[in-house]
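Reader: Please show me the sequence and the structure, and then take my questions in turn.

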Amino acid sequence: MKTDLAIIGQGAVTPAGVGLDALLRGSPTETMVPLVSRPDQQWPVFKVNLKDPSLERWQKEPRLRRASPITYFLVEAAEQALAGLDASARAQTGLVVAFSTGCLAYSRRFFESIVTQGQKSASPALFPETVFNSPVSHVAATLRLEGAAYALAGDETAWIAALRTAWLWLEQGRCKQVLVMGAEEFDSASLDAYQNAGWLRNREAADRFIPAEGAAGILVRKAGPEDSTVLSQIADGFIFRSKPQALAAGQRCLSEFDPKTACYLSAQHHWLKDIEQILLRDRQTKESAIYLGEASTASAAWNTLRACSLLDSENAPILFPVWGSTHQIGALALERTGWSSN
Amino acid sequence: MKRKVVVTGMGAVTPLGENVSETWKALIAGKDAEAPLELFETKGCRCHRAATAALPALPDLRPKELQRLSRASRLAIPAVREALAMARLLDSSGRSLVPILPFSVSTTAGGMGFGEEFLRDILAHKRSRLLGPVARYLSEQQVLDVQIALGFEGPSLIVANACASGANAIGHAAEMVASGMADCVLTGGFEALTELVYVGFDCLQATTTERCRPFDLKRSGLLLGEGAAFFVVETPENAERRGVQPICRLSGYGHRTDFFHLTQPQPQGQVLVDVMREAANSAGVSPGDIGYVNAHGTATPVNDGAEAQSYWTFFESSLDQTRISSTKAAIGHTLGAAGSVEALFALQALITGELPPQLNLQSPIPEVAPVLVAEKEAPRALRHAMSVNLGFGGSNAALIFSRNEN
């Protein structure tokens, strides 16, 4: 699907720090975290520093005092992406956020209290913050984004569904611009899930899978002559449940795009690494030098911003295949407008 | 370009029945599905009752595959199948006739029952056979279960806007068709009762230990339920190509976020008024044209007062021309499925003229007392019907269905 979405704002919160510079050049630090099921076994994780002043300031907001870490990641990345937008423009801004596990830390805490201390101990303060759209509501209310607002769930490709949603809202005239975001928070329960899936093998290997957390967002509008960075095409919905099916899904997805476009690599540490290698072996590829870890929809958003940054140096369009971990494969194409044809 | 959007198929599994006709018959007869909850232990809860759905048989699935399905998928698959069959989108073996079918779906908890099983096991330091449940708990897995069971793929969107999600998913599907993004979309929502969510509402004291009494001055809380409802929405031309007669039009959609509070609506219900106005404007109708409203009506003290106020404001002098009921007293609050199941009831009211009664009323809220549907009320000809939902986080949404001739 051709999209013609101009990217007019960007924001990121990563384990390497807060802001675009950290996203592009920062280096995350490992934290060793034990499995819930085997406290003697620890695995490296890339966590966001919640004590970063950029994040701490949101923790003082009255509405956000009880919020889950994912809310702080989101609201900070959103504020960066909205920089320069005045109150009246914000009132015409939509918000769509893609999540995989959403408010996982509070959900786990809430359920753990039920299991360990009984149903009577369940916290009424915690439960509303476990809901997927609570962080979306917090961001919209805090930054006064009065356009449409959706929380979307899914694997990494929910990021593409969010972009598709933004396109639809702009087409329908629901908003003047849309803030599209991806966000995840880490909880040690997910470490157990990854370990059970076999994704945490090769603890010392260069291509090891490291769970991460954070958020990123892009502010988009329908592209006009003054816009330079454009998300020009998206495709998704190529489903799989097994690796062979993922290979076939990836083939169907990539056939939607110009085969000469350089591809941005993102699965070097992912369980679909082999699929990426097979499908892109005859293509020109680009990648980022620094690994930020795996944070599902947040990673999809980070990688979109990183692919965007390569447009300047490459002077050619870039295709970013989004390898969904558990459902489907999608891709998006980015380009700069106004390139000379020679 | 805005194209017309029609509904050509619908399907449901609810606590009142395994399909649309069973559910509707029971609903119109004034039955309710409230019963002791037996899916999980509720010893430490204030409440112990819910509206549970019977899981329809899925004879075409192998036992091993059936075992891997979450309760949510067991609710969703038969409802989708019924909707696709009605829209004549299934072949003789029960598989989708179209390989690519965009899917706009809603849920709040997905396959959370599997997630709970996994958490319980790792907290108990259990070390083996954990992958099965955790691999199937995320909501995209229920979408994938449906896609694989029915044999289609394509872009999918899972809206998780709490209890307004179902209306959002359907409204979004309508906008996809209206904008030309898709000619035909499968849409709806599903929700299975789970302990985490049940205990969550219980600890908020949002559930009732008495009868669920929407729009009653003595209301004391909600009844939780579960279910699934799905629709096929498409352009009339697309339906005509298959020789399918549209059931009705999906003519209006409005949605907005109420910033007032994470779990409480603005007391005057102003955001809901704005949302209903947006839906009415997009449908090209005035409030007085809307003959029936399937209200959100959770029966919580905070929700129903604000919602009643918003109907008073929205309908103004034409309030007496409409009829209103909340069906949550009959099937419970189905959360991520509520917007879909209740949209189905609004649609059924539109096409049959029968109105779901407002159950358990003793002392109705004065603002809406005259317009709440009485038991065994005579059918009436409707031209437009509306379904309204509100959710945590301040999600508000409204859908309007219109008869084809309009």
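The questions below go from domains to chains to the core.

Author: This is a predicted model, in which local features need pLDDT of at least 70, side-chain atom pairs count only at pLDDT 80 or more, and totals for chains, interfaces and linings use all residues. Residues are numbered from 1 along each chain as its sequence is written, while chains are lettered from A and ligands numbered from 1 in the order in which they are written.

Reader: What separates the centres of domain 1 and domain 2 of chain A?

Author: Chain A is divided into domain 1 (7-222) and domain 2 (229-336), with bounds from an automatic or database domain assignment. Taken over C-alpha atoms, the distance between their centres is 21 Å.

Reader: How many residues of domain 2 of chain A are in contact with domain 1?

Author: Two residues are in contact if their C-beta atoms, placed from the backbone, lie within 7 Å. Domain 1 of chain A brings 43 residues to this contact, and domain 2 of chain A brings 36.

Reader: Which element gives the largest share of the side of chain A that touches chain B?

Author: Here 53 residues of chain A are in contact with 55 residues of chain B. Helices (H or I, at least four residues) and strands (E, at least two) are DSSP runs, numbered from the N terminus. Among the elements that give two or more residues to this side of chain A are α6 (134-143), β6 (149-153) and α5 (104-117). The largest share, seven residues, comes from α5(A).

Reader: In β5(B), which residue is the bridge partner of Ala153(A)?

Author: Strands pair if DSSP finds at least two bridges between them. β6(A) and β5 (residues 156-159) of chain B pair in the antiparallel sense over two bridges. In β5(B), the partner of Ala153(A) is Ile158(B).

Reader: Which residues have the most contacts inside the largest nonpolar core?

Author: A nonpolar core is a set of buried Ala, Val, Leu, Ile, Met, Phe, Trp, Tyr and Cys residues joined through C-beta atoms within 7 Å. Buried means that 20 or more other C-beta atoms lie within 10 Å of a residue's own, C-beta atoms being placed from the backbone. The largest core has 267 residues, and those with the most contacts inside it are Val97(A) and Leu152(A).

Reader: Which element gives the most to this core, and where does the core lie?

Author: α7(A) gives the most, with eleven residues. Both domain 1 (7-222) and domain 2 (229-336) of chain A give residues to this core, so the core lies between them. The element asked for is α7(A), and the place is between domain 1 and domain 2 of chain A.

Terms used. Buried ≥ 20, exposed ≤ 12 C-beta atoms within 10 Å, placed from the backbone.
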